[in-house]
Amino acid sequence: MREAAAGAPGAEGGGGAPGGPPGAAAAEAAALLPFLAPGARADLRAAAARHVLALTGSGPGRALLAGRAPLLRALAELAAAPAPAPARDAARALVNLAAEPGLHEPLLAAEPGLPARLLGRALDPQWPWAEEAAAALANLSREPAPCAALMAVLAAAEPGAPGLERLVRALCTPGYNARAPLHYLGPLLSNLSQRPAARAFLLDPDRCVVQRLLPFTQYPESTVRRGGVVGTLRNCCFEHRHHEWLLGPEVDILPSLLLPLAGPEDFSEEEMERLPVDLQYLPPDKQREPDADIRKMLIEAIMLLTATAAGRKQVRDQGAYLILRELHSWEREPDVRVACEKLIQVLIGDEPEHGMENLLQVQVPEDVERQLQQLDRQEQEQCERERQEQELAPEPT
């Protein structure tokens, strides 16, 4: 298990690279550059931006643009240009380009200041295309090098609130930007939380960042934001030194991870008393998290919290097994069900022998690790076969 990375799908480009010989397409792309410049006529500039956006809608078009640093630089400048510049189409083109990891290096080589430029627009409460800027950053930050570059930009933010604090504030403040929902700040924060420095900030007890994120595990308006927050919390759970604090009364993270996995089950009085108050007597119309990937991340976050003996005891004592037992009976996604089974085995199994209590620090011999990796691959193949069988099975009448 490793820290999760998330991103945005490519923006709709409405077409791809123009037909004809590759040389003609390259010449056509080069001819666009003068029309993207600040002094170009507004209607021609808008038409050129639309054409570039269409190019980014296909693999060949993106590859064509990747080799043209001046055009990429002009696109980055246009994406942050004020009206009447066609900044939205330029930003959407950057979303498409950043969705392809192989293009991150040419993008940053053409415009090293791209992360700072996009971040400034994403966190500008007046910028109408802040969501596109956040989506481009979410895609860029999936890879280590651009993620490190963005962390450097956040660390060098102007005096006052740290850059990460501004990002968290924008993510957690409803209506921060009245013209952009900023859902993609969630995956962006999740990607940044792969970096130890970001996790150190998020887990600083004096900042109360994790507590501000917890309500968004149940955020109904956006799967993107909800998944980004859950991914962030999951990555934070890799830091086993903070498990006692995360599970303790200051944060009390477990109910926020379990509640999205809970359904409308009616437990006995004895079982109900074992559950945290937030999970008791849930309404009959209570729905589980609808997204399978998010359900799996929630389970993995709880699994990480069981790495230590103290963590396992706290998770057991709060009745997590009861919620997972019912989830396992309900779950239809094979890989999520397997993750649930593994967590249940940890909760109901025997404690590890002395010296192996912290599961994140156990040294696994290389031959055993290879065997485990082989078993994981076989397990993933089995899950994929089961998923395909479910898709091919006739609908029940």
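Me: What does buried mean here, as a relative accessible area?
Reply: Buried means under 20% relative accessible area. The model is predicted, and in it E165 has a relative accessible area of 13%, so E165 is buried.

Me: Where is the place of E165, and which residues does E165 touch?
Reply: E165 lies in helix α10. Leaving aside residues up to four places away in sequence, E165 touches F201 and R212.

Me: How many of the 10 residues of helix α10 are buried?
Reply: In α10, residues 163-172, the count is 8 of the 10, so this helix is largely enclosed by the rest of the structure. Those buried are G163, L164, E165, L167, V168, A170, L171 and C172.

Me: What covers the buried residues of α10?
Reply: The cover includes α9 (144-155), α11 (185-192), α12 (196-202), α13 (209-213) and α14 (223-236).

Me: Now a helix pair. At what angle do the axes of α4 and α5 cross?
Reply: The axes of α4 (residues 69-79) and α5 (residues 87-98) cross at roughly 125° and come within 7 Å. That angle makes α4 oblique to α5. The crossing of α4 past α5 is left-handed.

Me: Which residues make the contact?
Reply: First the general idea. An α-helix has 3.6 residues a turn, so residues three or four places apart point the same way. In this case, α4 contributes L72, L75, A76, L78 and A79 to the contact, and α5 contributes A87, A90, A91, A93, L94 and L97.

Definitions and conventions
Residues are numbered from 1 along each chain as its sequence is written. This is a predicted model: local features need pLDDT of at least 70, side-chain atom pairs count only at pLDDT 80 or more; totals for chains, interfaces and linings use all residues. Side-chain values use heavy atoms; hydrogens and water are left out. Buried means under 20% relative accessible area, exposed over 50%, partly exposed in between (1.4 Å probe, protein chains only). Helices (H or I, at least four residues) and strands (E, at least two) are DSSP runs, numbered from the N terminus. Contact means heavy atoms within 4.5 Å. Axes are lines fitted to C-alpha atoms, for helices over the stretch in contact, and angles run from 0 to 180 degrees between N-to-C directions. Angles under 35 degrees count as roughly parallel, over 145 as roughly antiparallel, 65 to 115 as roughly perpendicular and the rest as oblique. A crossing is left-handed if the near helix is turned anticlockwise from the far one by less than a right angle, and right-handed if clockwise.
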